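Visitor: I have a structure open and some questions about side-chain packing. Can we go through them one by one?

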Amino acid sequence: MFKNYFITAFRSLVKNKFYSLINIIGLAAGLATCMLILLYVLDELSYDRYNKEANRIYRVNNQIKFGNNHFDLAVGPALMGITMVRDFPQVEQYTRLRWHGSFLVKKGNENIQEGRVAFADSTLFDVFTLPVISGDPKTALKEPHSLVITEKIAKKYFNTVDAVGKTLLINDTGYYKVTAIIKNIPSQSHFNFDIFVPMIENDGSGDGSWISENWNTYILLKKNTDIKKLEPQLNAMMEKYSGPELKSVINQNMDEFKKSGGYITASLTPLTDIHLHSNKLSELEGNGNAEFVYIFLAIAFVILLIACVNFMNLSTARSSNRAKEVGVRKVLGSLRKNLIQQFLAESFLVSLMALIFAILIAWALLPYFNQLAGKDIYAGTLFQPKMLASLITLMLIVGLLAGSYPAFVLSSFQPIAVLKGKMAGGFKRSWLRNVLVVFQFTISIILIFGTIVIYNQLNYIYKKDIGFNRNQVLTINHTNALGGQVTTFKNELLQISGVQNATMSGYLPVNYNRNNDVFFTSPALDQKSAISMQSWVVDEGYVPALSIQIEQGRNFSGQYPTDSTGMIINEAAAKFLDTKDLLNKKLYNFKDVKTKDLNEYHIIGVMKNFNFSSLHDVITPLALELGKDNGNISVRINSSDIGGVIAQLKDKWHSMAPGQPFDYSFMNEDFNRLYVTEQRTGKIFITFAVLAILIASLGLFGLITYAGEQRVKEIGIRKVLGASVANIVGMLSRDFLKLVLISSAIAFPVAWWAMNKWLQDFAYRVNIGWWVFAGAGVVALLIAMITVSFKAIKAAIANPVKSLRTE
C-alpha cells in the first residue's frame, strides 16, 4: 500500500513539474540554510567544552565604581587567585593568564614574529585541559626563560614535536628553553595562544595592590561546590583586602566609600559562558554574542517555516485541480485516512528530495560559509551519524508540517460537491492562505529592516568621529628589536619626506590588549574619592601624530624638564575631578603599596575625549604620562605617494635592524579588525535575510502563476471587452500588494523593538529614523511588485483567442 502511495505521489510530482520544482527548491534552500546555521550554532556553543573539568572552571571578574565611573572587568588583582585558594576551601586551584604581546623568534637568519604569546602560571595545566605531547606539565612553567609551545610552533621551528630541551632565540636578546609541547589549542576556545611564558617573568605578577586589576584569573572548584553560596563571599573578600588600601588612597573606609555610591565587587563567570555571555573590559579575545546565536536560530526556523508555508500555499491553491481526483477516489471507496496518507506521502517524498539537494547545497557552500563566518567547520560533520539522524528527523517534521494542512483540507472535500464543479473557486477564498502570505512577508520585512539597521550601525562605526585621526597612520610593530637604537630610528623617520609626525608607544587606541588601570588621588583637588584611570606611557609626539585635540593647557615638550612627571587627562577624567582649573593640580598613585611610597604627577593639559576602547563602551578616564614604551612606532604620512614612503621606511628599518622582519599595519585597518565580529555577523545576517526574502518571493511567484492560470479565461474575456494590460496587471497584483502592506504594519513595531534592543549593546549608536521604516517598506513592496508583475504581465499580454477557443 505504501509503495503505491509513493508511486502515485511521484507521478503527481512529475505531472506538475513547475510547482514541484518550486516546492523542492524552496524546501532545499530552507533545509540547507538550517544545516549551515545549525553547524554555526553548534560551533559557537562548543567553546571551551574541550576542558574535561569545564563545568568546575570559573573566571573571576571585578566590578568597580568610583563616582560616575563604572568598570566591568574580566580581570582582577594579581593576588586574587592565590588568596581564594587559601581562604575558600571550595577552591581547589587557580591560574592566571595575561597577554605578553608578540616577540621575534629566530629561525636560521630570519626573525619571525609570533603574536599569540601569553604569561601563564605554573598551575595552568591543573586548571585547563591542554594535552602535553612531551615535557612535564608540573614544572614546565616554573623556571624563567622557559617556554611551553604548541605542536604547530614546534614543527615550525624544529620540524618535529620532539623539541623539549631545545632553545629558541627571542628578540635577539636571550635564549629560552622549550620545557613542554602541547597539542594545538582547539579553535573553539576563548583564548588561543601558541606560546606560554612563565608568569614569574612578569614584574607585576606579585603586585600586592587590590585596587589594580590586570590579570585574567581562573579558579577550579571542588566537586559539588554550591556556586550560589560561594559567590556572595567574594564581595566580603574584596572589601577585606581592598579596604585598607582604599583608606590609604582616598582617606575613606569601606563603609564611607559604599555610602558615597562606590563599590569594589567580584563575580564568577562559568568557563563555558565566557565566549557567548561575556563582553567585559580586558577580555583575552573578542567574544561572540549569545543574542546573535538566538537570532540566527530564529532565522533558520523562520526560513524553514517560510519554505513550508510555500508548500502549504501552493498545495491549497491548487485544491481545485486535485478536487476531482479526491471526488473520484472517494466514490471508488477510498477512506479519508487513505487520502491523508496519500497526500502526506507526497509531502514526505518532496521533503526527502529536498533533503538530498539540501545536503549537497550545504556541502558545496560550507567553504564559503566558513570564510564568511570566520569558522573552520569540517564538511564531514554533515555526514556524522548524529547529524544525519537529526537531518532525517528534521525532514520528517518538515514533511509533516508542510503536508498536514493540505492533506486534511483536500481529504475533507465532499465528492458530490466536487463532481458538480462547486470547488472551482478554490484559489480566492482561502483566508488561511492570505494569513500565511502575510506571515512570510512580515518575516521578510523584519529581516529587511534589521539588515538596514545593522548596515547603518557598521557604517556609523567606520565613519564616526572617534576623537583621533586614524587615517594614513602607519604603525611599525616590534620596534623593541632595535634595542637602544629605537629613539634614533624614530628621529631618522622624521627626516623622511612624507612623514609628518612620529610617536613611540605601544599604547594605541586600536589595541585593547594593552591596558594599565591605575588609581590616583589628590587632596589638593578637595575630593574624598580616588579616580581610576587608564594610564598610558607615551612620548611628546603621540598627541600630534594621532591628531588628538588639546582643550586646555598644552602637549608634552622637551623644553620642560618637569614634564617627566606631567600628565594629560581626557575630558572624562576632568569631568570626574569636577574642578574648574585643573592645570598644575597634582595627582598621586602608589609607587609601592607596602611602603606607601607615592608617585607625584601634575596635570599639564586636558585633551578632548577619544574612543580608546570599543564603541560598545562609554569613554572612561584616561591619562597620558611621558615616558618610554618602545613596542611600536606610529608615523603619520602626509604624501600621495604612500608606497614610496613605505619603501623608505622599510629601507631605514633594514639599515638599522638587518635580518629583522619589517612588520607594519595601517591604523584604520587595525581599527576595522576590532569590529570583525560585528562585520561577520552583519554579513551572515544579510546573507540569510536575502535568502529568506528569495524563498518568500519564490512562493509568491508560484501563487501568482497559479492565480493567472486559474483566471486565464476571465483575463481573456476582460481583454476582449477592452481591458488594458495595466488593468489586468493591477487586477492580479492588487490582492497580493494589499497583503504586503498589512505585513508592513505588523512587521514595523516588532522590527523596531528587536533592533532597538540590539543597538543597546553599543554605547555609541545610530537612531532608527523614519527613513528606515520607509526603506524597508519600499524594498518589500518592490520585491513583491517585481515578483508579481513578471507573471501578471505575461498573463495580461497573452492572446485571448487561445484562452477562449474552447468556450
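Visitor: Which residue lies over the face of tyrosine 560, and at what distance from the ring centre?

Guide: This is a predicted model. In it, arginine 554 sits over the face of tyrosine 560, 3.9 Å from the ring centre. Arginine 470 lies over the face of phenylalanine 671, with 3.9 Å to the ring centre.

Visitor: How many aromatic pairs does the structure hold?

Guide: There are 19 aromatic pairs. One of them joins phenylalanine 191 and phenylalanine 193, which are stacked, with 5.9 Å between centres and 25° between planes.

Visitor: Is phenylalanine 191 buried or exposed? And phenylalanine 193, buried or exposed?

Guide: Phenylalanine 191 has 0% relative accessibility, so it counts as buried. Phenylalanine 193 is also at 0% and counts as buried.

Visitor: Why is the pair of tryptophan 653 and phenylalanine 662 called tilted?

Guide: The planes of tryptophan 653 and phenylalanine 662 are at 55°, so the pair is tilted; the ring centres are 6.1 Å apart. Stacked needs planes under 30 degrees apart and edge-to-face needs over 60. Both tryptophan 653 and phenylalanine 662 are buried.

Visitor: Which residues form the aromatic cluster with Phe191 and Phe193?

Guide: Trp99, Phe128, Phe196 and Tyr218 form one aromatic cluster with Phe191 and Phe193.

Visitor: Now the nonpolar core. Which residues of the largest one touch the most other members?

Guide: Met35, Phe449 and Leu624 do, in a core of 110 residues. Apart from that core lies another, of 43 residues, including Leu230, Ala266, Met567 and Phe576.

Visitor: What does methionine 35 touch, not counting residues up to four places away in sequence?

Guide: On that count, methionine 35 touches Leu355, Ala358, Ile359, Ala362, Leu382 and Leu391.

Visitor: On to helices. Which residues of α15 are buried?

Guide: In α15, residues 486-493, the buried ones are Val486, Phe489, Lys490 and Leu493. They are on the same side of α15, because they cover an arc of only 100° around the axis.

Visitor: And what do the buried residues of α15 pack against?

Guide: They pack against the strands β14 (473-477), β15 (499-504) and β23 (632-637), and against helix α18 (642-656).

Visitor: What happens just after α5?

Guide: Asparagine 159 comes there, with a positive phi of about 60°.

Visitor: Does glutamate 283 count as buried or exposed?

Guide: Buried, because its relative accessibility is 13% and the cut-off is under 20%.

Visitor: Last one, serine 267. Where is it, and which side chain does its own side chain join in a polar contact?

Guide: Serine 267 belongs to strand β13, residues 263-270. Its side chain and that of glutamine 63 are joined by a polar contact of 2.9 Å. Serine 267 is buried, with a relative accessible area of 16%. Leaving aside neighbours within four places in sequence, the contacts of serine 267 include Arg59, Val60, Asn61, Glu231 and Leu234.

Definitions and conventions: Residues numbered from 1 in each chain as written. Predicted model: local features only at pLDDT ≥ 70, side-chain atom pairs only at ≥ 80, totals over all residues. Heavy atoms only, no water. Buried < 20%, exposed > 50% of the residue type's maximum accessible area, 1.4 Å probe, protein only. Core = buried A, V, L, I, M, F, W, Y, C linked by side-chain atoms within 4.5 Å. Contact = heavy atoms within 4.5 Å. Phe/Tyr/Trp six-rings, centres within 6.5 Å; stacked < 30°, edge-to-face > 60°. Lys NZ or Arg CZ within 6 Å of the ring centre and 35° of its normal. Helix = DSSP H or I, 4+ residues; strand = E, 2+ residues; numbered from the N terminus. Arc of directions from axis to C-beta. Polar contact = N/O pair within 3.5 Å; in protein donor to acceptor, adjacent residues only side chain to side chain.
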